[in-house]
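Here is a short note to read beside the model. Keep the view open and find each residue as it comes up.

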Amino acid sequence: MDTSAIGGWVASAFISKLVEKVCSYAGDQYEYQREDTKEKLRTLEKNLSSIQTVAEDVVDLFDYRVLQAQAEDKGRVNSVASALAGSPSSSRTTNTTASTITSSSSGSTAKQSVRALKRFFFCDEDIDELISVVHMFVDIDSHMQTFLKLVELEDSRPVQAVQWRTTTSMPGSKKFFGRVNEETHLKKLLVQKNDESSKPYDVISVVGIGGVGKTALVRRVYNHFHANTCHFDLAVWLHVSDIFDVGRLTKEMALSDTLSMSADLNSLSSLDQAQRILGDKLKGRRTLIVLDDVWNELSSQSENLCKPLHLAYKGSKVIVTTRSKNVASINGATEIMHLHGLEDEDYWGYFSECAFGDANPSEYPQLENIGRQVVRKLAGSPLAAKTVGGSLKLKLEENHWRAVSGSKLWQIEQKEDDIISALWLSYEHLPDHLKQCFVYFALFPKKYNFHGDVLVQMWRAHGFLSMEAPDEIAYGYIHDLLQLSFIEKVANQEDQYVVHDLLHDFAESVSNGELFQIEDDFHLSVIRCRKTFSQLCSEINTSNTYTIQQVTVREPIVGNATKRRRTSSQ
(Lines give C-alpha, C1' and ligand atoms only; values in the text may rest on other atoms or scores of the structure.)
Protein backbone atom coordinates (compact mmCIF):
# COMPACT_ATOMS: atom_id res chain seq x y z
CA MET A 1 0.00 0.00 0.00
CA ASP A 2 1.27 3.50 -0.85
CA THR A 3 2.78 5.26 2.15
CA SER A 4 1.47 8.63 0.99
CA ALA A 5 -2.06 7.28 0.93
CA ILE A 6 -1.63 5.89 4.45
CA GLY A 7 -0.30 9.25 5.56
CA GLY A 8 -3.31 10.94 4.03
CA TRP A 9 -5.73 8.73 5.93
CA VAL A 10 -3.93 9.27 9.22
CA ALA A 11 -3.67 13.03 8.77
CA SER A 12 -7.26 13.41 7.66
CA ALA A 13 -8.57 11.30 10.54
CA PHE A 14 -6.42 13.19 13.04
CA ILE A 15 -7.52 16.59 11.77
CA SER A 16 -11.18 15.61 11.72
CA LYS A 17 -11.08 14.12 15.22
CA LEU A 18 -9.20 17.08 16.66
CA VAL A 19 -11.60 19.64 15.23
CA GLU A 20 -14.66 17.58 16.23
CA LYS A 21 -13.47 17.27 19.83
CA VAL A 22 -12.49 20.92 20.19
CA CYS A 23 -15.74 22.16 18.66
CA SER A 24 -17.75 19.83 20.87
CA TYR A 25 -16.00 20.97 24.04
CA ALA A 26 -16.14 24.62 23.00
CA GLY A 27 -19.85 24.40 22.24
CA ASP A 28 -20.63 22.73 25.56
CA GLN A 29 -18.70 25.36 27.48
CA TYR A 30 -20.39 28.47 26.03
CA GLU A 31 -23.04 28.76 28.73
CA TYR A 32 -20.56 28.22 31.56
CA GLN A 33 -18.09 30.97 30.65
CA ARG A 34 -17.84 34.73 30.90
CA GLU A 35 -18.67 36.70 27.77
CA ASP A 36 -15.00 37.41 26.93
CA THR A 37 -14.16 33.70 27.22
CA LYS A 38 -17.10 32.78 25.01
CA GLU A 39 -15.65 34.85 22.20
CA LYS A 40 -12.26 33.13 22.53
CA LEU A 41 -13.96 29.73 22.38
CA ARG A 42 -15.88 30.72 19.26
CA THR A 43 -12.67 31.98 17.63
CA LEU A 44 -10.88 28.73 18.48
CA GLU A 45 -13.72 26.67 17.00
CA LYS A 46 -13.86 28.78 13.83
CA ASN A 47 -10.07 28.74 13.26
CA LEU A 48 -9.75 25.00 13.71
CA SER A 49 -12.64 24.29 11.35
CA SER A 50 -10.97 26.48 8.71
CA ILE A 51 -7.69 24.66 9.20
CA GLN A 52 -9.45 21.33 8.74
CA THR A 53 -10.87 22.44 5.38
CA VAL A 54 -7.52 23.59 3.98
CA ALA A 55 -5.56 20.67 5.43
CA GLU A 56 -7.91 18.10 3.93
CA ASP A 57 -7.53 19.77 0.53
CA VAL A 58 -3.73 19.47 0.76
CA VAL A 59 -4.00 15.82 1.82
CA ASP A 60 -6.22 15.17 -1.19
CA LEU A 61 -3.68 16.91 -3.42
CA PHE A 62 -0.89 14.62 -2.18
CA ASP A 63 -3.00 11.56 -2.90
CA TYR A 64 -3.96 12.80 -6.34
CA ARG A 65 -0.34 13.52 -7.33
CA VAL A 66 0.67 9.99 -6.35
CA LEU A 67 -2.16 8.40 -8.35
CA GLN A 68 -1.44 10.66 -11.30
CA ALA A 69 2.20 9.57 -11.32
CA GLN A 70 1.22 5.92 -11.08
CA ALA A 71 -1.18 6.32 -14.00
CA GLU A 72 1.51 8.02 -16.11
CA ASP A 73 4.01 5.25 -15.39
CA LYS A 74 1.43 2.60 -16.25
CA GLY A 75 0.61 4.43 -19.48
CA ARG A 76 4.27 4.46 -20.53
CA VAL A 77 4.67 0.76 -19.83
CA ASN A 78 1.51 -0.05 -21.81
CA SER A 79 2.75 2.04 -24.74
CA VAL A 80 6.04 0.11 -24.84
CA ALA A 81 4.20 -3.20 -24.60
CA SER A 82 1.83 -2.21 -27.42
CA ALA A 83 4.70 -1.21 -29.66
CA LEU A 84 6.50 -4.48 -29.01
CA ALA A 85 3.34 -6.48 -29.64
CA GLY A 86 2.98 -4.87 -33.07
CA SER A 87 6.57 -5.67 -34.11
CA PRO A 88 7.24 -8.83 -36.24
CA SER A 89 10.10 -9.72 -33.93
CA SER A 90 8.18 -9.00 -30.78
CA SER A 91 8.08 -12.62 -29.71
CA ARG A 92 11.87 -12.81 -29.85
CA THR A 93 12.61 -9.43 -28.32
CA THR A 94 9.99 -8.99 -25.59
CA ASN A 95 11.98 -10.67 -22.85
CA THR A 96 15.20 -9.02 -23.95
CA THR A 97 13.61 -5.57 -24.01
CA ALA A 98 12.06 -6.02 -20.60
CA SER A 99 15.40 -7.11 -19.27
CA THR A 100 17.05 -4.11 -20.85
CA ILE A 101 14.53 -1.74 -19.32
CA THR A 102 15.06 -3.28 -15.90
CA SER A 103 18.81 -3.20 -16.25
CA SER A 104 18.79 0.36 -17.50
CA SER A 105 16.53 1.47 -14.64
CA SER A 106 18.66 -0.22 -12.05
CA GLY A 107 21.82 1.35 -13.40
CA SER A 108 20.39 4.90 -13.67
CA THR A 109 19.91 5.95 -10.09
CA ALA A 110 20.40 9.59 -10.94
CA LYS A 111 17.67 9.50 -13.60
CA GLN A 112 15.30 7.74 -11.21
CA SER A 113 15.89 10.37 -8.57
CA VAL A 114 15.22 13.18 -11.00
CA ARG A 115 12.05 11.48 -12.21
CA ALA A 116 10.88 10.97 -8.61
CA LEU A 117 11.59 14.57 -7.75
CA LYS A 118 9.65 15.76 -10.78
CA ARG A 119 6.81 13.48 -9.83
CA PHE A 120 6.47 14.81 -6.32
CA PHE A 121 7.54 18.40 -6.86
CA PHE A 122 4.41 20.54 -6.86
CA CYS A 123 3.94 23.86 -8.56
CA ASP A 124 4.60 27.02 -6.56
CA GLU A 125 0.92 27.31 -5.71
CA ASP A 126 0.92 23.77 -4.26
CA ILE A 127 4.00 24.45 -2.16
CA ASP A 128 2.54 27.70 -0.88
CA GLU A 129 -0.57 25.80 0.22
CA LEU A 130 1.58 23.22 2.00
CA ILE A 131 3.63 25.86 3.78
CA SER A 132 0.44 27.64 4.80
CA VAL A 133 -0.98 24.48 6.34
CA VAL A 134 2.27 23.82 8.21
CA HIS A 135 2.04 27.32 9.68
CA MET A 136 -1.55 26.61 10.65
CA PHE A 137 -0.54 23.48 12.52
CA VAL A 138 2.15 25.45 14.30
CA ASP A 139 -0.56 27.91 15.26
CA ILE A 140 -2.64 25.07 16.69
CA ASP A 141 0.06 24.59 19.30
CA SER A 142 -0.64 28.06 20.67
CA HIS A 143 -4.29 27.07 21.19
CA MET A 144 -3.64 23.71 22.81
CA GLN A 145 -3.48 25.07 26.37
CA THR A 146 -6.98 26.47 25.93
CA PHE A 147 -8.11 23.14 24.49
CA LEU A 148 -6.63 21.14 27.36
CA LYS A 149 -8.31 23.42 29.89
CA LEU A 150 -11.63 22.81 28.17
CA VAL A 151 -11.04 19.07 28.32
CA GLU A 152 -10.30 19.34 32.02
CA LEU A 153 -13.46 21.38 32.60
CA GLU A 154 -15.55 18.94 30.58
CA ASP A 155 -14.21 15.88 32.38
CA SER A 156 -14.88 17.46 35.76
CA ARG A 157 -18.55 18.09 34.99
CA PRO A 158 -21.03 15.34 35.93
CA VAL A 159 -22.55 13.41 33.04
CA GLN A 160 -26.00 14.75 32.22
CA ALA A 161 -28.74 13.11 30.23
CA VAL A 162 -29.51 14.50 26.80
CA GLN A 163 -32.87 16.08 27.53
CA TRP A 164 -35.28 17.27 24.88
CA ARG A 165 -38.58 17.34 26.80
CA THR A 166 -40.45 15.64 29.63
CA THR A 167 -43.76 13.97 28.77
CA THR A 168 -46.82 13.22 30.89
CA SER A 169 -50.12 11.47 30.29
CA MET A 170 -52.15 14.70 30.48
CA PRO A 171 -53.78 15.52 27.11
CA GLY A 172 -52.97 18.82 25.43
CA SER A 173 -55.35 21.55 24.29
CA LYS A 174 -55.04 20.75 20.58
CA LYS A 175 -57.46 18.48 18.79
CA PHE A 176 -56.23 14.99 17.91
CA PHE A 177 -56.11 14.34 14.16
CA GLY A 178 -56.03 11.06 12.28
CA ARG A 179 -54.50 7.77 13.46
CA VAL A 180 -57.89 6.07 13.51
CA ASN A 181 -56.54 2.72 12.31
CA GLU A 182 -53.48 2.85 14.54
CA GLU A 183 -55.57 3.81 17.58
CA THR A 184 -58.06 1.00 16.97
CA HIS A 185 -55.26 -1.53 16.49
CA LEU A 186 -53.44 -0.48 19.65
CA LYS A 187 -56.62 -0.67 21.75
CA LYS A 188 -57.28 -4.13 20.38
CA LEU A 189 -53.77 -5.28 21.33
CA LEU A 190 -54.25 -4.01 24.88
CA VAL A 191 -57.43 -5.95 25.58
CA GLN A 192 -56.53 -9.26 23.95
CA LYS A 193 -55.02 -12.09 25.99
CA ASN A 194 -51.86 -13.88 25.00
CA ASP A 195 -52.42 -17.40 26.28
CA GLU A 196 -49.22 -18.66 24.64
CA SER A 197 -47.00 -16.40 26.75
CA SER A 198 -45.60 -17.70 30.01
CA LYS A 199 -45.38 -14.16 31.38
CA PRO A 200 -48.37 -12.32 32.84
CA TYR A 201 -47.62 -9.25 30.70
CA ASP A 202 -46.94 -8.43 27.03
CA VAL A 203 -44.75 -5.67 25.60
CA ILE A 204 -45.96 -3.56 22.67
CA SER A 205 -43.42 -1.24 21.01
CA VAL A 206 -44.34 1.85 19.00
CA VAL A 207 -41.44 2.88 16.74
CA GLY A 208 -40.89 5.95 14.56
CA ILE A 209 -38.64 8.95 13.97
CA GLY A 210 -38.68 11.90 16.34
CA GLY A 211 -41.74 14.12 16.02
CA VAL A 212 -43.92 11.59 14.17
CA GLY A 213 -46.51 11.43 16.97
CA LYS A 214 -45.70 8.27 18.95
CA THR A 215 -46.28 9.90 22.32
CA ALA A 216 -49.52 11.60 21.20
CA LEU A 217 -51.02 8.33 19.97
CA VAL A 218 -50.04 6.36 23.07
CA ARG A 219 -51.21 9.17 25.36
CA ARG A 220 -54.65 9.12 23.70
CA VAL A 221 -55.00 5.35 24.12
CA TYR A 222 -53.62 5.46 27.68
CA ASN A 223 -56.17 8.08 28.73
CA HIS A 224 -58.97 5.99 27.24
CA PHE A 225 -58.07 3.08 29.56
CA HIS A 226 -57.15 5.33 32.47
CA ALA A 227 -60.65 6.81 32.44
CA ASN A 228 -62.23 3.42 31.86
CA THR A 229 -61.02 1.38 34.85
CA CYS A 230 -63.05 -1.72 34.06
CA HIS A 231 -60.16 -3.36 32.18
CA PHE A 232 -56.95 -2.26 33.93
CA ASP A 233 -56.75 -1.98 37.70
CA LEU A 234 -53.70 0.26 37.55
CA ALA A 235 -52.29 2.55 34.82
CA VAL A 236 -48.81 4.13 35.08
CA TRP A 237 -47.12 6.63 32.75
CA LEU A 238 -43.30 6.87 32.95
CA HIS A 239 -41.09 9.21 30.94
CA VAL A 240 -37.80 7.32 30.61
CA SER A 241 -35.55 9.50 28.40
CA ASP A 242 -31.80 9.06 27.93
CA ILE A 243 -30.76 7.53 31.25
CA PHE A 244 -32.58 4.31 32.07
CA ASP A 245 -32.63 4.67 35.87
CA VAL A 246 -34.23 1.48 37.19
CA GLY A 247 -34.38 2.80 40.76
CA ARG A 248 -36.15 6.03 39.80
CA LEU A 249 -38.61 4.29 37.50
CA THR A 250 -39.42 1.64 40.11
CA LYS A 251 -40.17 4.28 42.74
CA GLU A 252 -42.35 6.26 40.32
CA MET A 253 -44.37 3.13 39.53
CA ALA A 254 -44.90 2.44 43.20
CA LEU A 255 -45.91 6.05 43.89
CA SER A 256 -48.36 6.26 41.02
CA ASP A 257 -51.23 4.54 42.84
CA THR A 258 -51.15 6.29 46.20
CA LEU A 259 -49.15 9.02 47.90
CA SER A 260 -49.34 7.44 51.34
CA MET A 261 -46.11 5.53 50.84
CA SER A 262 -44.09 8.41 49.38
CA ALA A 263 -42.04 9.07 52.50
CA ASP A 264 -41.09 5.42 52.87
CA LEU A 265 -40.15 5.06 49.21
CA ASN A 266 -38.11 8.25 49.04
CA SER A 267 -36.05 7.12 52.00
CA LEU A 268 -35.27 3.76 50.41
CA SER A 269 -31.77 3.39 49.01
CA SER A 270 -32.18 -0.27 48.11
CA LEU A 271 -33.65 -1.18 44.74
CA ASP A 272 -34.56 -4.57 46.16
CA GLN A 273 -36.79 -3.03 48.83
CA ALA A 274 -38.45 -0.71 46.31
CA GLN A 275 -39.18 -3.60 43.95
CA ARG A 276 -40.66 -5.71 46.75
CA ILE A 277 -43.01 -2.88 47.71
CA LEU A 278 -44.00 -2.46 44.06
CA GLY A 279 -44.44 -6.21 43.65
CA ASP A 280 -46.89 -6.28 46.57
CA LYS A 281 -48.92 -3.48 44.97
CA LEU A 282 -49.05 -5.21 41.56
CA LYS A 283 -49.96 -8.64 42.92
CA GLY A 284 -53.20 -9.84 41.39
CA ARG A 285 -53.81 -6.55 39.52
CA ARG A 286 -54.04 -6.15 35.74
CA THR A 287 -51.66 -3.29 35.00
CA LEU A 288 -50.95 -0.96 32.07
CA ILE A 289 -47.52 0.69 32.06
CA VAL A 290 -46.24 3.17 29.45
CA LEU A 291 -42.48 3.63 29.07
CA ASP A 292 -42.21 6.73 26.90
CA ASP A 293 -39.09 7.79 24.96
CA VAL A 294 -36.83 4.79 25.65
CA TRP A 295 -33.21 4.77 24.39
CA ASN A 296 -31.71 1.99 26.49
CA GLU A 297 -30.49 -1.01 24.48
CA LEU A 298 -29.39 -3.14 27.43
CA SER A 299 -31.88 -5.97 27.82
CA SER A 300 -30.62 -6.66 31.35
CA GLN A 301 -31.86 -3.25 32.57
CA SER A 302 -35.27 -3.71 30.96
CA GLU A 303 -35.60 -7.15 32.50
CA ASN A 304 -34.60 -5.76 35.89
CA LEU A 305 -37.24 -3.05 35.72
CA CYS A 306 -39.96 -5.53 34.78
CA LYS A 307 -39.25 -8.04 37.57
CA PRO A 308 -42.16 -6.84 39.79
CA LEU A 309 -44.50 -7.23 36.80
CA HIS A 310 -44.19 -11.00 37.10
CA LEU A 311 -46.52 -10.68 40.09
CA ALA A 312 -49.15 -8.76 38.11
CA TYR A 313 -52.35 -10.32 36.81
CA LYS A 314 -52.41 -12.08 33.44
CA GLY A 315 -53.20 -9.66 30.63
CA SER A 316 -51.05 -6.79 31.92
CA LYS A 317 -49.43 -4.68 29.21
CA VAL A 318 -46.31 -2.55 28.76
CA ILE A 319 -46.18 0.01 25.92
CA VAL A 320 -42.73 1.23 24.88
CA THR A 321 -42.25 4.24 22.59
CA THR A 322 -38.85 4.51 20.93
CA ARG A 323 -37.04 5.72 17.84
CA SER A 324 -34.89 2.60 17.65
CA LYS A 325 -35.91 -0.80 16.28
CA ASN A 326 -33.14 -2.27 18.43
CA VAL A 327 -34.83 -0.97 21.59
CA ALA A 328 -38.17 -2.31 20.40
CA SER A 329 -36.68 -5.78 19.92
CA ILE A 330 -34.59 -6.12 23.07
CA ASN A 331 -37.60 -5.37 25.27
CA GLY A 332 -39.14 -8.65 24.14
CA ALA A 333 -42.00 -6.99 22.28
CA THR A 334 -44.78 -9.31 21.16
CA GLU A 335 -45.95 -6.59 18.74
CA ILE A 336 -44.06 -3.75 17.04
CA MET A 337 -46.05 -0.89 15.51
CA HIS A 338 -44.17 1.28 13.00
CA LEU A 339 -45.60 4.78 12.97
CA HIS A 340 -45.37 6.95 9.84
CA GLY A 341 -46.58 10.45 8.97
CA LEU A 342 -50.24 11.49 9.05
CA GLU A 343 -52.41 11.03 5.98
CA ASP A 344 -52.91 14.05 3.71
CA GLU A 345 -56.23 15.49 4.87
CA ASP A 346 -55.61 14.64 8.52
CA TYR A 347 -52.25 16.35 8.26
CA TRP A 348 -53.73 19.42 6.60
CA GLY A 349 -56.27 19.68 9.41
CA TYR A 350 -53.54 19.65 12.05
CA PHE A 351 -51.30 22.00 10.08
CA SER A 352 -54.19 24.46 9.61
CA GLU A 353 -54.79 24.58 13.34
CA CYS A 354 -51.12 25.30 13.95
CA ALA A 355 -50.79 27.90 11.18
CA PHE A 356 -54.14 29.72 11.30
CA GLY A 357 -55.07 29.33 14.97
CA ASP A 358 -58.63 30.59 15.45
CA ALA A 359 -58.72 32.12 11.96
CA ASN A 360 -60.68 30.40 9.19
CA PRO A 361 -58.38 29.18 6.36
CA SER A 362 -61.15 29.68 3.80
CA GLU A 363 -60.94 33.41 4.48
CA TYR A 364 -57.33 33.38 3.29
CA PRO A 365 -57.44 31.45 -0.01
CA GLN A 366 -53.99 32.58 -1.14
CA LEU A 367 -52.43 31.58 2.17
CA GLU A 368 -54.22 28.25 2.02
CA ASN A 369 -52.63 27.55 -1.37
CA ILE A 370 -49.19 28.38 -0.01
CA GLY A 371 -49.87 26.29 3.10
CA ARG A 372 -50.77 23.24 1.04
CA GLN A 373 -47.48 23.60 -0.83
CA VAL A 374 -45.63 23.73 2.49
CA VAL A 375 -47.45 20.65 3.79
CA ARG A 376 -46.11 18.54 0.92
CA LYS A 377 -42.56 19.16 2.18
CA LEU A 378 -43.18 18.05 5.77
CA ALA A 379 -43.73 14.33 5.25
CA GLY A 380 -46.74 14.15 7.57
CA SER A 381 -44.75 14.97 10.71
CA PRO A 382 -46.94 16.59 13.39
CA LEU A 383 -43.96 18.21 15.09
CA ALA A 384 -42.77 19.70 11.79
CA ALA A 385 -46.30 21.06 11.25
CA LYS A 386 -46.17 22.63 14.72
CA THR A 387 -42.76 24.17 14.03
CA VAL A 388 -43.53 25.61 10.59
CA GLY A 389 -47.15 26.41 11.40
CA GLY A 390 -46.05 28.36 14.45
CA SER A 391 -43.75 30.45 12.28
CA LEU A 392 -46.48 31.10 9.71
CA LYS A 393 -49.00 32.03 12.40
CA LEU A 394 -46.94 35.07 13.38
CA LYS A 395 -48.15 36.96 10.29
CA LEU A 396 -51.12 35.97 8.17
CA GLU A 397 -49.60 37.84 5.23
CA GLU A 398 -48.70 36.48 1.80
CA ASN A 399 -45.14 37.84 1.72
CA HIS A 400 -44.34 36.27 5.07
CA TRP A 401 -45.84 32.92 4.10
CA ARG A 402 -43.96 32.87 0.78
CA ALA A 403 -40.70 33.61 2.59
CA VAL A 404 -41.26 30.72 5.00
CA SER A 405 -42.35 28.44 2.14
CA GLY A 406 -39.13 29.18 0.26
CA SER A 407 -36.94 28.39 3.25
CA LYS A 408 -35.41 25.07 4.20
CA LEU A 409 -36.86 23.53 7.34
CA TRP A 410 -33.64 24.09 9.25
CA GLN A 411 -33.52 27.77 8.20
CA ILE A 412 -36.78 28.50 10.05
CA GLU A 413 -36.32 29.82 13.58
CA GLN A 414 -36.83 27.00 16.06
CA LYS A 415 -37.32 26.57 19.78
CA GLU A 416 -35.86 23.87 22.00
CA ASP A 417 -38.88 21.58 21.60
CA ASP A 418 -39.24 21.95 17.82
CA ILE A 419 -38.48 19.44 15.08
CA ILE A 420 -34.76 20.09 14.51
CA SER A 421 -34.08 19.70 18.24
CA ALA A 422 -35.99 16.43 18.20
CA LEU A 423 -33.97 15.11 15.27
CA TRP A 424 -30.73 16.40 16.76
CA LEU A 425 -31.33 14.19 19.79
CA SER A 426 -31.40 11.14 17.51
CA TYR A 427 -28.23 12.31 15.77
CA GLU A 428 -26.43 12.76 19.09
CA HIS A 429 -27.07 9.09 19.87
CA LEU A 430 -25.27 7.97 16.70
CA PRO A 431 -21.68 6.77 17.07
CA ASP A 432 -19.13 8.97 15.29
CA HIS A 433 -18.57 6.62 12.36
CA LEU A 434 -22.30 6.64 11.55
CA LYS A 435 -22.65 10.41 11.86
CA GLN A 436 -20.45 11.10 8.84
CA CYS A 437 -22.16 8.34 6.86
CA PHE A 438 -25.54 9.91 7.60
CA VAL A 439 -24.52 13.49 6.76
CA TYR A 440 -23.24 12.23 3.39
CA PHE A 441 -26.88 11.74 2.35
CA ALA A 442 -27.28 15.53 2.20
CA LEU A 443 -25.39 15.50 -1.12
CA PHE A 444 -28.24 13.66 -2.81
CA PRO A 445 -31.78 14.75 -3.69
CA LYS A 446 -34.68 13.86 -1.47
CA LYS A 447 -36.24 10.46 -2.16
CA TYR A 448 -33.05 9.30 -3.89
CA ASN A 449 -32.82 5.49 -3.80
CA PHE A 450 -29.44 4.17 -2.69
CA HIS A 451 -28.38 0.69 -3.75
CA GLY A 452 -26.52 -0.94 -0.87
CA ASP A 453 -23.42 -1.94 -2.88
CA VAL A 454 -23.07 1.51 -4.44
CA LEU A 455 -23.55 3.25 -1.10
CA VAL A 456 -20.83 1.15 0.48
CA GLN A 457 -18.44 1.97 -2.41
CA MET A 458 -19.10 5.69 -2.03
CA TRP A 459 -18.50 5.52 1.72
CA ARG A 460 -15.21 3.75 1.05
CA ALA A 461 -14.17 6.32 -1.57
CA HIS A 462 -14.75 9.15 0.89
CA GLY A 463 -12.81 7.44 3.66
CA PHE A 464 -15.78 6.70 5.92
CA LEU A 465 -14.85 3.02 5.60
CA SER A 466 -11.33 1.70 5.09
CA MET A 467 -10.69 -0.11 1.82
CA GLU A 468 -9.82 -3.26 3.79
CA ALA A 469 -13.02 -3.34 5.85
CA PRO A 470 -15.05 -6.45 4.92
CA ASP A 471 -18.52 -6.09 3.45
CA GLU A 472 -20.03 -7.45 6.67
CA ILE A 473 -18.84 -4.33 8.52
CA ALA A 474 -19.98 -2.04 5.70
CA TYR A 475 -23.46 -3.53 5.65
CA GLY A 476 -23.45 -3.33 9.43
CA TYR A 477 -23.40 0.46 9.00
CA ILE A 478 -26.50 0.26 6.81
CA HIS A 479 -28.20 -2.07 9.27
CA ASP A 480 -27.49 0.26 12.19
CA LEU A 481 -28.91 3.28 10.34
CA LEU A 482 -31.98 1.20 9.50
CA GLN A 483 -32.46 0.14 13.12
CA LEU A 484 -32.17 3.73 14.32
CA SER A 485 -34.77 4.88 11.74
CA PHE A 486 -32.34 7.14 9.86
CA ILE A 487 -32.99 5.30 6.59
CA GLU A 488 -35.78 3.06 5.35
CA LYS A 489 -35.93 0.15 2.96
CA VAL A 490 -37.48 0.95 -0.41
CA ALA A 491 -40.67 -1.07 -0.80
CA ASN A 492 -40.44 -4.01 -3.24
CA GLN A 493 -36.80 -3.22 -4.09
CA GLU A 494 -33.93 -5.50 -3.20
CA ASP A 495 -31.11 -3.87 -1.22
CA GLN A 496 -32.30 -0.29 -1.82
CA TYR A 497 -32.71 2.41 0.80
CA VAL A 498 -34.10 5.93 1.11
CA VAL A 499 -33.72 8.73 3.65
CA HIS A 500 -36.86 10.14 5.26
CA ASP A 501 -37.53 13.67 3.94
CA LEU A 502 -37.27 15.30 7.35
CA LEU A 503 -34.02 13.50 8.11
CA HIS A 504 -32.69 14.67 4.74
CA ASP A 505 -33.49 18.25 5.79
CA PHE A 506 -31.71 17.58 9.05
CA ALA A 507 -28.65 16.15 7.26
CA GLU A 508 -28.49 19.41 5.28
CA SER A 509 -28.59 21.40 8.50
CA VAL A 510 -25.74 19.36 10.01
CA SER A 511 -23.65 19.67 6.83
CA ASN A 512 -24.27 23.41 6.63
CA GLY A 513 -21.03 25.04 5.47
CA GLU A 514 -19.56 21.86 3.97
CA LEU A 515 -21.38 21.00 0.75
CA PHE A 516 -22.50 22.15 -2.68
CA GLN A 517 -25.65 20.82 -4.35
CA ILE A 518 -27.15 21.00 -7.80
CA GLU A 519 -30.87 20.46 -7.51
CA ASP A 520 -33.37 19.25 -10.10
CA ASP A 521 -33.93 22.69 -11.61
CA PHE A 522 -30.17 23.19 -11.86
CA HIS A 523 -30.22 25.79 -9.14
CA LEU A 524 -26.78 25.72 -7.54
CA SER A 525 -27.47 25.48 -3.83
CA VAL A 526 -24.37 26.79 -2.06
CA ILE A 527 -24.69 25.75 1.55
CA ARG A 528 -22.81 28.67 3.02
CA CYS A 529 -19.35 27.45 2.10
CA ARG A 530 -17.17 26.30 -0.75
CA LYS A 531 -15.66 23.02 0.21
CA THR A 532 -17.00 20.16 -1.92
CA PHE A 533 -19.11 19.75 -5.00
CA SER A 534 -19.45 16.02 -4.88
CA GLN A 535 -22.53 14.69 -6.56
CA LEU A 536 -24.94 15.35 -9.39
CA CYS A 537 -27.63 12.76 -8.81
CA SER A 538 -30.56 14.05 -10.81
CA GLU A 539 -31.08 13.16 -14.44
CA ILE A 540 -29.82 15.84 -16.80
CA ASN A 541 -32.51 17.47 -18.94
CA THR A 542 -30.66 18.29 -22.13
CA SER A 543 -33.10 21.04 -23.04
CA ASN A 544 -31.69 23.11 -20.18
CA THR A 545 -28.30 24.75 -20.33
CA TYR A 546 -26.22 25.74 -17.37
CA THR A 547 -22.73 27.00 -16.66
CA ILE A 548 -20.32 26.14 -13.91
CA GLN A 549 -16.95 27.84 -14.01
CA GLN A 550 -13.85 27.05 -11.98
CA VAL A 551 -15.48 24.86 -9.38
CA THR A 552 -13.33 22.51 -7.32
CA VAL A 553 -14.75 18.99 -7.67
CA ARG A 554 -14.08 15.90 -5.62
CA GLU A 555 -15.19 12.58 -7.04
CA PRO A 556 -14.74 9.02 -5.73
CA ILE A 557 -12.24 7.04 -7.77
CA VAL A 558 -10.85 3.53 -7.59
CA GLY A 559 -8.06 3.70 -5.07
CA ASN A 560 -7.31 5.37 -1.78
CA ALA A 561 -7.64 9.03 -2.65
CA THR A 562 -10.00 11.62 -4.01
CA LYS A 563 -9.52 13.27 -7.39
CA ARG A 564 -9.60 17.04 -7.73
CA ARG A 565 -10.13 18.80 -10.99
CA ARG A 566 -11.33 22.06 -12.47
CA THR A 567 -14.48 21.95 -14.54
CA SER A 568 -16.12 24.36 -16.92
CA SER A 569 -19.38 22.96 -18.30
CA GLN A 570 -21.87 24.39 -20.73
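1. **Helix 15, its length.** Start with helix 15, which has 12 residues. From its first C-alpha to its last it reaches 16 Å, close to the 16 Å expected at 1.5 Å a residue. Keep in mind that this is a predicted model.

2. The buried ones are P382, L383, A384, A385, T387, V388, G389, S391 and L392. What do they pack against? The buried residues of helix 15 pack against helix 13, helix 14, helix 16, helix 17 and helix 21. Three of these partners come back below: helix 13, helix 17 and helix 21.

3. K386 sits in helix 15. D418 forms a salt bridge with K386, and the closest N and O atoms are 3.5 Å apart. The pair links distant parts of the chain, as D418 lies in the loop between helix 16 and helix 17 (419-428), 32 residues from K386. D418 has a relative accessible area of 2%, so it is buried. K386 is at 30%, so it counts as partly exposed.

4. **Helix 13, its length.** Helix 13 covers residues 344-356, which makes 13 residues. At 1.5 Å a residue, it should span 18 Å. Its end C-alpha atoms are 17 Å apart, which agrees. Just after helix 13, G357 takes a positive phi of about 65°.

5. Which residues of helix 13 are buried? They are Y347, W348, Y350, F351, S352, C354, A355 and F356. What covers them includes helix 14 (365-375), helix 15 (382-393) and helix 16 (398-405).

6. **Cysteines.** C354, in helix 13, has a relative accessible area of 4%, so it is buried. C230 is at 64% relative accessibility, so it counts as exposed. How many disulfides does the structure hold? The number of disulfides is 0.

7. **W424 in helix 17.** W424 has its place in helix 17. Its relative accessible area is 38%, so W424 is partly exposed. Leaving out residues up to four places away in sequence, W424 touches F506 and V510. W424 and S509 are 85 residues apart along the chain, but their C-alpha atoms are separated by 9.9 Å.

8. **H504 in helix 21.** Helix 21 covers residues 501-510, and H504 is found there. Is H504 buried or exposed? Its relative accessible area is 4%, so H504 is buried. What is it in contact with, neighbours within four places in sequence aside? H504 is in contact with F441, A442, F444, P445, K446 and V499.

9. S511 is found in the loop between helix 21 and strand 9 (516-518). With a relative accessible area of 1%, S511 is buried. The side chain of S511 reaches the backbone oxygen of E508 at 3.1 Å. S511 and L443 are 68 residues apart in sequence, yet 9.1 Å apart in space, C-alpha to C-alpha.

10. **Salt bridges elsewhere.** Side chains of opposite charge can pair when their charged atoms come close. The structure holds 15 salt bridges. One joins E252 and R248, at 2.8 Å from N to O. Why can these two meet? E252 and R248 are 4 residues apart in helix 8 (residues 246-255), so they are separated by about one helical turn. An α-helix has 3.6 residues a turn, so residues three or four places apart point the same way. E252 is partly exposed at 31% relative accessibility, and R248 is partly exposed at 28%.

11. R179 forms a salt bridge with E182, with the closest N and O atoms 3.5 Å apart. R179 has a relative accessible area of 6%, so it is buried. E182 is at 25%, so it is partly exposed. Finally, find E183, K187 and R220, which are linked in a network of salt bridges.

Terms used
Residues are numbered from 1 along each chain as its sequence is written. This is a predicted model: local features need pLDDT of at least 70, side-chain atom pairs count only at pLDDT 80 or more; totals for chains, interfaces and linings use all residues. Side-chain values use heavy atoms; hydrogens and water are left out. Helices (H or I, at least four residues) and strands (E, at least two) are DSSP runs, numbered from the N terminus. The expected span of a helix is 1.5 Å times one less than its number of residues. Buried means under 20% relative accessible area, exposed over 50%, partly exposed in between (1.4 Å probe, protein chains only). Contact means heavy atoms within 4.5 Å. A polar contact is a pair of N or O atoms within 3.5 Å; within protein, one must be able to donate a hydrogen and the other to accept it, and residues adjacent in sequence count only if both atoms are side-chain atoms. A disulfide is a pair of cysteine sulfur atoms within 2.5 Å. A salt bridge is a side-chain nitrogen of Lys or Arg within 4 Å of a carboxyl oxygen of Asp or Glu.
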